[in-house]
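Here are a few friendly notes to read with the model open beside you. Take the points in order and find each residue as you go.

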Amino acid sequence: MADKRLLRELRGFGKDPGPLSDSSRRYWKRELQLLKRSSDDGRGKRMRKENIGFSSDEEDGDSRRNVRTGERMSQHAVRRKRSDKLPVKVTGGTAPAHSGQSSPHVLHVIGAFLGFAIVFGYAAVLRVQEDSVEAELRRLDNFLPCTPDTPREETCLLDSNLETALEMSYFVAEYLSLQAGDYDCLIGGIRSRNVSMRELKIHVFRTNEDRGWSVTHLSHVLQLFFANPHWGIQLYDSNNSVVSNMMDADVEEVKYLESQAPLKSFSCRMVNALSRLQSWLFYVLAGVTLVIMLGFAMWLYQKHLWKQEEEMFSLVKHILELIERQGSENQKRSGKKAYIAQQHVRDKLIPPTQRKGKQRVWEKAVAWLAENESRIRVEQQRVAGEDVFVWRWIGSEETDSNDEQIEDERDISSLR
């Protein structure tokens with residue numbers, strides 16, 4: 001609706017809204033709708049009053065009352081919208097209107113606090129354990145002190161040399177750890193995890209020219225490394241064997257040094273962790289796949305056994321039908337119960353192309369009939385000069401004749 005039309009219609013209802021803005025336009029549109037609705041209601045009442053016989057004064061009074069009612073309703077709606085946007089004021093210990101919405105936020109804050117507490121607690125425990133391990137290792141430190149009781153053949157360090165030797169040992173240990181870490185992380189194309197004595201001397205003396213370190217100090221460092229194996233520095237000779245003895249004369253035999261505690265960057269540790277995770281997932285998936293494949297193979301084997309069993313019972317059924325039919329025909333022709341060779345039954349029921357594949361099923365069917373079927377009897381007969389196993393149909397006739405003989409004997413005994 002255009003602003004001019006809105007102003008014209010509002011002035012038609014006696015309103016003077018003044019200049020319209022974005023915030024007041026919506027209110028005056030709502031006000032106009034209420035005025036129109038009240039006007040329509042007043043017109044309807046006026047028509048009903050004219051039909052009933054009310055006077056015009058009463059109609060004017062009713063219309064004015066309707067307009068006032070519409071104005072009060074619109075003002076109440078505006079105050080209600082404004083009050084919904086204002087915060088609820090709590091006085092006298094009453095509960096806030098939206099107290100139920102704050103409980104999830106409180107729970108989230110409590111959960112986050114507990115999570116941080118658990119993480120920091122676990123980190124503190126690890127830190128305490130590391131400190132305890134470090135303190136335990138410090139008790140094992142051997143600084144080769146020289147005492148009056150120290151034999152001449154043993155290596156010892158004077159207090160004046162110990163400080164320099166320790167400072168130099170920290171530098172060398174850090175260099176060796178970085179070398180091992182870079183090698184493990186494949187950084188810089190490093191070809192070896194250890195460092196030769198020649199490379200170590202060049203690096204130490206070039207980077208520390210102002211400290212006055214000498215080869216004697218380096219020999220002291222090697223003696224400290226040998227006396228403190230828990231520092232994680234391995235000494236190797238020219239044969240790549242670990243040095244087993246360290247004297248002043250044996251220092252020159254050390255050709256390589258290697259750190260067992262590599263220093264790795266955060267990205268390298270993350271890559272290693274992801275690699276281990278990938279390997280673990282691979283083994284887990286391989287194990288799960290193997291289990292699934294074994295289960296599927298067992299299911300296929302069991303299905304094969306079920307199929308063989310169904311084929312075996314189907315073959316048993318056909319064997320019994322054939323033997324019964326053959327026995328009944330021979331009984332009618334000759335009055336005797338003839339037999340039939342097992343190979344003849346097999347050749348009649350199983351085609352030549354399937355006999356090799358059905359051999360296992362046939363053997364199971366023959367064994368099942370021998371153990372579980374009483375209507376046939378297995379005999380060995382000589383047929384065409386060869387001893388073969390045959391089946392002879394017995395059925396229920398022999399049983400019936402035996403029953404009749406038993407009844408005749410009972411009758412005779414009763415007559416006696």
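1. Strands here are DSSP runs of E with at least two residues, helices are runs of H or I with at least four, and both are numbered from the N terminus.

2. Before going on, please keep in mind that this is a predicted model, where local features need pLDDT of at least 70 and side-chain atom pairs count only at pLDDT 80 or more, while totals for chains, interfaces and linings use all residues. Residues are numbered from 1 along each chain as its sequence is written, and side-chain values use heavy atoms, leaving out hydrogens and water.

3. Three strands make an open sheet in the order 4-6-5, with antiparallel pairing; two strands pair if DSSP finds at least two bridges between them. At the edges are strand 4 (339–341) and strand 5 (376–383), each pairing on one side only. Strand 5 and strand 6 are joined in the antiparallel sense over 8 bridges.

4. What packs on this sheet? Helix 8 (residues 266–334) does, touching strand 4, strand 5 and strand 6, and its direction makes about 85 degrees with that of strand 6. Contact means heavy atoms within 4.5 Å. Axes are lines fitted to C-alpha atoms, for helices over the stretch in contact, and angles run from 0 to 180 degrees between N-to-C directions. Helix 9 (residues 342–349) also lies across strand 4, strand 5 and strand 6, at about 70 degrees to strand 4.

5. The two helices meet each other as well: helix 8 and helix 9 pack at an angle of about 115 degrees, with their axes 11 Å apart. In helix 8, Leu315, His318, Ile319, Leu322 and Gln326 meet Val345, Lys348 and Leu349 in helix 9.

6. Finally, look for the aromatic pairs, of which the structure holds 6. One of them, tryptophan 362 with tryptophan 391, is edge-to-face, at 6.0 Å centre to centre and 65 degrees between the planes. Rings of Phe, Tyr and Trp (its six-membered ring) pair if their centres lie within 6.5 Å; planes under 30 degrees apart count as stacked, over 60 as edge-to-face and the rest as tilted. Tryptophan 362 lies in helix 10 (residues 359–372) and tryptophan 391 in strand 6 (residues 386–393), so the pair ties together parts 29 residues apart in sequence.
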